[in-house]
Amino acid sequence: MASRRDGFVGTLGTVKRIPIGAIQPAIKDFVVVSVIVGMTEPRKVIMKKDGSERFVITQTLRDSPSDIINLTLWTSRSEADEISANFKIGSVIEVTRARVQNRDFSSVQESYRPSVTSPFSLSNIEGKTIIAAHIGDWSRFETLLSIPTKATSGYLNISDLLQAKNLVGKNVDLCVAIRTVGPIKSFLGKDGQERKLRDIKLFDITSPCLIMKIWDNNLIQMSDSWLPRDTILFLADVKVSFDTWRGCNTVTCTGKTIITVNPEIAEARALHHYCQTVDFSSHSKMDSIVASFNPESVTKVNNVFSLVSVLKKVYQEKDAVMITNLYGYLTKFDIDQDPVPIVLKCGNCGDMYRKDDDTQQLCCQNIDCKDYRTVVENWMVTMQYNIKVNITDETGTLLACHLRPEVMERSYGIKAPDFAGLSAACRTAYKWDLYLTPLRFSLGIMLRTADRRTPSITVLHVAPASYREICVKMPTPIFQ
């Protein structure tokens, strides 16, 4: 493939600049100036005719809001490496003397290419087609990068596809925000070549988590600049797959996928506003439950054995909170230990403060918190109980259940700072008021989801229970 240095003049004479919308098969010597909105990494193909090795790259070009076309480049390895090094998504290029073909909408190849508006496609002619960076004003083309390549009326919400079995294997459109950008993982493919993979955690107003897998190096590089809670993406044609490990659907970027970053659409602006206030932490969700919680209204009763089976399953986010009673005993309740189980917690999300690796200052390390790695005013920091308990009944034991600070305060009438000043003997005396005593526990359980792989159990309320009450209300143990 040739490279152009100056002018629109080549070996075949003068060429005429035309827009994508004016391209026709009969036109021969022309140049198109456009911005790359999509580009695949080079894919090796062994030619059936002579067994030679060729590389194919697909670039999706745009020069107006309504005109988009695919350009297929067949190259040698060195040319493919040169194209990958010189051109990226967002580059404005000049394509001179390309071949124009009618798109075969029924072909298998067409189903793997990005959706475009032009009824034609472009390909290179060996020794004649020239691809070069455009020397001129890019501003008009840069605005095209924020316009989705497909109609925004047909996109799905995350909640629509997480458990939709009928969507597996199909391509869908989404408008989503970035929650986290995962690390790049490298491994060897079947052909012995190094492959890279990055998982992106997405969310929207309907659901806090969807995993997107990126295999293409161009998109992996693009994702380096995506910011959690700030970057909005319009995803055109991501493929839905079922993840057996997570127990729900995920999406994967393929050669058909086009990503529009921070699209200029009303839906994206509304989602960006939502990003500034949403709180994903389990502490926040449990706080909202506690705010309206009435222990006398809880009628559901479980034993440990029945809860264990519930904790193993994966649920949709909307079904992932469970409130139940359990009758049993505290078999681990270390409030008399040293140091006293009291910690500094973030006043915003409730997570424990930890030392930052870089600054060595105590701050919130919860990436989903608005105060992540921020040193805030003292009034935003709270001193709270941090107590984990074991609860045992005749069918088993629940380990490391979090005891809400309000439970300690209601039981003993002592705030955490005051409790920290008590002697060990005094704390031990308080411990035996509840330890190994028959109790009714009201539990708030955050069940497993695609986003939360480990369930968490929180003790919302405790009350004394008689042996008669336990015998009447405790479900009969059933072992399998």
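Author: What follows takes these words one by one and sets values against rules.

Author: This is a predicted model, where local features need pLDDT of at least 70, side-chain atom pairs count only at pLDDT 80 or more, and totals for chains, interfaces and linings use all residues. Residues are numbered from 1 along each chain as its sequence is written, and side-chain values use heavy atoms, with hydrogens and water left out.

Reader: Why is threonine 96 called buried?

Author: Buried means under 20% relative accessible area, exposed means over 50%, and partly exposed is in between (1.4 Å probe, protein chains only). Threonine 96 has 2% relative accessibility, so it counts as buried.

Reader: What makes the place of threonine 96 a strand?

Author: Strands are DSSP runs of E, at least two residues long; helices are runs of H or I, at least four long; both are numbered from the N terminus. Threonine 96 is in strand β8, residues 92-96.

Reader: Which residues is threonine 96 in contact with?

Author: Contact means heavy atoms within 4.5 Å. Leaving aside neighbours within four places in sequence, threonine 96 is in contact with Val15, Phe30, Val31, Lys128, Thr129 and Ile130.

Reader: Is leucine 122 buried or exposed?

Author: Leucine 122 has a relative accessible area of 1%, so it is buried. It lies in strand β10, residues 120-123. Not counting residues up to four places away in sequence, leucine 122 touches several residues, including Ile23, Phe30, Ile69 and Val100.

Reader: How many residues apart along the chain are leucine 122 and glutamine 59?

Author: They are 63 residues apart along the chain, and their C-alpha atoms are separated by 9.6 Å.

Reader: What makes strand β25 mostly covered?

Author: Eight of its eight residues, 439-446, are buried. In a regular strand, side chains alternate between the two faces of the sheet. In β25, Leu439, Phe441, Leu443 and Ile445 are buried on one side. Arg440, Ser442, Gly444 and Met446 are buried on the other.

Reader: How do you know that β25 pairs with strand β26?

Author: Two strands pair if DSSP finds at least two bridges between them. β25 and β26 (residues 456-464) have eight bridges, in the antiparallel sense. Leucine 443 stands opposite valine 459 in β26. Strand β18 (residues 321-332) also runs antiparallel to β25, joined by eight bridges. There, valine 321 stands opposite methionine 446.

Reader: What is the largest nonpolar core, and which residues have the most contacts inside it?

Author: A nonpolar core is a set of buried Ala, Val, Leu, Ile, Met, Phe, Trp, Tyr and Cys residues joined through side-chain atoms within 4.5 Å. The largest has 35 residues. Those with the most contacts inside it are Phe333, Val389, Ile391, Met408, Phe441, Leu443 and Val459. Among the elements that give two or more residues to this core are β18, β25 and β26. A second, separate core has 27 residues, including Leu210, Met222, Val251 and Ala450.

Reader: Which residues of helix α6 are buried?

Author: Ala268, Leu271 and Cys275 are the buried residues of α6, residues 266-275.

Reader: Why do you say that they line one face of the helix?

Author: The arc is that of the directions from the helix axis to the C-beta atoms. Seen down the axis of α6, the buried residues fall within an arc of 65°, so they line one face. What covers them includes β12, β13 and β15.

Reader: Why is the contact of aspartate 173 and lysine 150 called a salt bridge?

Author: The rule asks for a side-chain nitrogen of Lys or Arg within 4 Å of a carboxyl oxygen of Asp or Glu. Here the N to O distance is 3.3 Å, so the pair meets the rule. Aspartate 173 is in strand β12, and lysine 150 is in the loop between α3 and α4, 23 residues apart. With a relative accessible area of 9%, aspartate 173 is buried. Lysine 150 is partly exposed at 24%.

Reader: How many salt bridges does the count come to?

Author: It comes to 18. In another one, arginine 404 and glutamate 406 have their closest N and O atoms 2.9 Å apart. Arginine 404 counts as buried, at 9% relative accessibility. Glutamate 406 counts as partly exposed, at 26%.
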